[in-house]
Amino acid sequence: MGERQPLNSRGGGCLQISSTSSMGDVDCGEGPASMGDGCNAPLSADQEMCSTENGALLDGDVTRKRRGGGADVFHTSLNISKMCMGTGCLALPFAAAKGGLLFNIVGLCLIALWNYYSANCLLRCIDYLPQIVAGERRGVRCEGELDKEPGYGAVECCEDGETCSANGDAARHEQLHPPPEGTTAYGAVAWYALGPKGLMLLDLLMLMLFFGLLIAYEVAMMSFINDTPLTTGSRRLDLLIPSAIVAILSCARDMSFLSKFSGIGLLAVGLSFIVIACQGFEENGLSGFRETFELNLWPKSFSAASSWFGVVVFGYGVVPFVFNFRDSMASPNHVNLALQIGLGIVYVGYVLMSNGIRVLFSPTHMFDGDVLQAMPNTAISFVVRLLMTFVVAVTAPLIVVPFGELVQEGKLGIESTIQNRIAVRVLFVIVCTLVSEFVPSGFVHVVSFIGCFCVAMVGFVLPPLFCIQLRASSAKEGQQVDSQFLYDVGILALGVVATAFTSALTFRELLVRTELEQASQR
């Protein structure tokens, strides 16, 4: 989830939160809007929702008729690439150092292809949903459908558009009633694939993703401030003012004004890499490129490979938002082409930002944190760090809001009042702030774990799992296993193994670094 962000499976949630994170910025202008790094999401065609609090979130309500957007392939591709160009990019040189130059080039391509395949798994899930839901996502309505009570197992659309009895795909599904009102397309897929437990699983993963993202942002702000003359020397005090800003902004009802900071976030990231590249040429010239083959080409350990995997997966993270991209297009059938172009652009950019900076600084700097560590202590560097801190602080509420909505609309039974809404959001910020004090310095390690666990689960494990389950539920008698099914099973197995293995190693790395930092402070 570039960092992207998260998607609220209960409707209107956003995964990537600002262009400073791999998770998202919100733009209420024409066409779809990007939401950040790997977890950032484009807004749907319902642009008028941007005038309210929910307008800052994803609009993926599967219970409403789809209204097509007006974006073409080119602009959708740019939105996809913009979504990945966020704060997560600051960890790319770290990924290149951990993975090795050759492994990084090949691996970035494979992860892009993996995202493309998983996104297509979700798109294929629509074909297996009960026919009314599938028609809803295509903008097709059955005659007389609007007059019927909700109950997708009770009716079915025939080819002639008439309403038929429930003896087709809808009846073959275990769930004969629709998901809760306001459920997103991804949430509806989870509901029909695994029932209420599937939706709860997706909700839980999204809550964990929101929690991890906000902690990563808190750690990032501490890291940015710590390298400026404004630091107090105390992590808690350094984070007090930014956290207070996040808490206050999260209580606002109308958050559409935050969309104005989308361009500032991209500017800050771009300016960071320009300053760092200029510094690298000034210090080393082209000597780093002449010593390329002296650098590691492959990971030195499984732990290093896992750290690389987490950062890269976090950076791409487009899978949960494929329905939003699709619905924003004038020709939704061209979403595959937009994905190919968008992911291709991101791949080229990631190779330049990771291997390019890594090689440029190879004679003088070994990246064990974000790229800002290589910035010189100049006035422009000070401005960039303050700008990054500001952008993260004003866009972090886009993580807090969907978290609060998911908690209040979930199973906790919290009454949806203004007082409870504010209490849940402020408490969420406070808890994340307290936890971030005990997290190792440098948000790259937090990002790596989030990518290995939450983003990989949502993007690489659940899509093929849902696709396999929905296919089995809607399969006709005597239907034979084909190569597509075998591919899905293989991708699912690969996703489960990679997620479990890398999550365990990156979590262990977090614990080790935490113990070392605590020991050094004694």
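Tyr186, Gly187, Ala190, Trp191 and Leu194 of helix H6 meet Pro196, Lys197, Gly198, Leu199 and Leu202 of helix H7, where contact means heavy atoms within 4.5 Å. Helices here are DSSP runs (H or I, at least four residues), numbered from the N terminus. This is a predicted model, in which local features need pLDDT of at least 70 and side-chain atom pairs count only at pLDDT 80 or more, while totals for chains, interfaces and linings use all residues. Residues are numbered from 1 along each chain as its sequence is written, and side-chain values use heavy atoms, with hydrogens and water left out.

**Helices H6 and H7**

- The residues in the contact of H6 with H7 are 7 nonpolar, 2 polar and 1 charged; Ala, Val, Leu, Ile, Met, Phe, Trp, Tyr, Cys and Pro count as nonpolar, Asp, Glu, Lys and Arg as charged, and the others, Gly among them, as polar.
- The axes of H6 (residues 185–194) and H7 (residues 196–226) come within 6 Å and cross at roughly 140 degrees; axes are lines fitted to C-alpha atoms, for helices over the stretch in contact, and angles run from 0 to 180 degrees between N-to-C directions.
- That makes H6 oblique to H7, as angles under 35 degrees count as roughly parallel, over 145 as roughly antiparallel, 65 to 115 as roughly perpendicular and the rest as oblique.

**Helices H3 and H13**

- H3 (residues 101–128) and H13 (residues 335–360) pack at an angle of about 155 degrees, and their axes are 10 Å apart.
- These two helices, H3 and H13, are therefore roughly antiparallel to each other.
- Among the residues making this contact are Leu108, Ala112 and Asn115 of H3 and Leu343, Tyr347 and Tyr350 of H13.
- Sorted by class, the contact of H3 with H13 has 15 nonpolar, 7 polar and 1 charged residues.

**A look at Asn115**

- Asn115 sits in helix H3 and is buried, with a relative accessible area of 2%; buried means under 20%, exposed over 50% and partly exposed in between (1.4 Å probe, protein chains only).
- Leaving aside neighbours within four places in sequence, Asn115 is in contact with Tyr316, Gly317, Val318, Val319, Leu343 and Phe460.

**The nonpolar core**

- The largest nonpolar core has 121 residues, and those with the most contacts inside it are Ile111, Phe309, Tyr316, Phe323 and Tyr350; such a core is a set of buried Ala, Val, Leu, Ile, Met, Phe, Trp, Tyr and Cys residues joined through side-chain atoms within 4.5 Å.
- Helix H17 (residues 443–474) gives this core its largest share, 18 residues.
- Not counting residues up to four places away in sequence, Phe309 touches Ile111, Trp114, Cys452, Ala456, Phe460, Ala498 and Thr502.
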